[in-house]
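Dear colleague,

Please find below the structure I wished to pass on to you.

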Amino acid sequence: YILAATIATMVLCGWTLGFIESICVAILIGISADFVTHLSVAYTADEGNLDREKRTEGALVDMGPSILAAAFTTVVSSVVMIFTEIVFFGRFAYVMLFTITHSTLGAFIMFCTLTNCAGPSNPGTFLRSVKGAMKHVWQRAKEHC
């Protein structure tokens, strides 16, 4: 969503995908997933079987202020960079501004809505069972060697 919305915003501004814009988008792929990643780690932080609403609320309380602070400082730095005379930095500033705006909206509105409606109530159960099975297989293999 975030990359598609950022590229759509660039198209709405009348930009074509040139060399500078391609570099900007390639750099910002990692930034676009940052906020959602932080919220998802906070969502899965509590052990046990909690309902989705409690997990989503906990993720928002734990990571929300930090994410908003990061978004604010990035927006401020982007606004400062917009006024540079070097074309690359100006375009990069706009692309970063678009990306942070869509990342913030995507993380707080889309991702939290999805976790609240359909998120797992006990995340990591499958991976913990796979880890336990692999540990058992490893112990058996060590016994036979």
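Predicted model: local features only at pLDDT ≥ 70, side-chain atom pairs only at ≥ 80, totals over all residues.

Overall form

The protein has six helices and zero strands, and its pattern along the sequence reads α-α-α-α-α-α. Its radius of gyration is 20 Å, well over the 15 Å that the globule rule gives for 145 residues, so the protein is more spread out than a compact globule. Along the principal axes, the C-alpha atoms fill a box of roughly 65 × 40 × 25 Å. Of the 145 residues, 30% are buried.

Helices α1 and α2

Helix α1 spans residues 2-12 and helix α2 spans residues 19-32. Their axes come within 10 Å and cross at roughly 150°. Because angles over 145 degrees count as roughly antiparallel, α1 is described as roughly antiparallel to α2. The crossing of this pair is right-handed. On the α1 side the contact is made by I2, L3, I7 and M10, and on the α2 side by E21, V25, L28, I29 and S32. By class, the contact of α1 with α2 has seven nonpolar residues, one polar and one charged.

Residue E21

One residue of that contact deserves a separate note. E21 is found in helix α2. Is E21 buried or exposed? With a relative accessible area of 7%, E21 is buried, because the cut-off for a buried residue is under 20%. Apart from its neighbours within four places in sequence, E21 is in contact with M10, W15, T16 and R91.

Helices α3 and α4

The second pair consists of helix α3, residues 34-43, and helix α4, residues 52-82. These two pack at an angle of about 145°, and their axes are 8 Å apart. Here α3 passes α4 in a right-handed crossing. From α3, the residues making the contact are F35, H38, L39, A42 and Y43. From α4, they are R52, R55, T56, A59, L60, M63, I67, A70 and A71. Sorted by class, the contact of α3 with α4 has ten nonpolar, two polar and two charged residues.

With kind regards

Conventions:
Residues numbered from 1 in each chain as written. Heavy atoms only, no water. Axes fitted to C-alpha atoms, helices over the stretch in contact; angles between N-to-C directions. Helix = DSSP H or I, 4+ residues; strand = E, 2+ residues; numbered from the N terminus. Left-handed = near helix turned anticlockwise from the far one by under 90°. Contact = heavy atoms within 4.5 Å. Nonpolar A, V, L, I, M, F, W, Y, C, P; charged D, E, K, R; others polar. Parallel < 35°, antiparallel > 145°, perpendicular 65-115°, else oblique. Rg over C-alpha atoms; globule rule 2.2 N^0.38 Å. Buried < 20%, exposed > 50% of the residue type's maximum accessible area, 1.4 Å probe, protein only.
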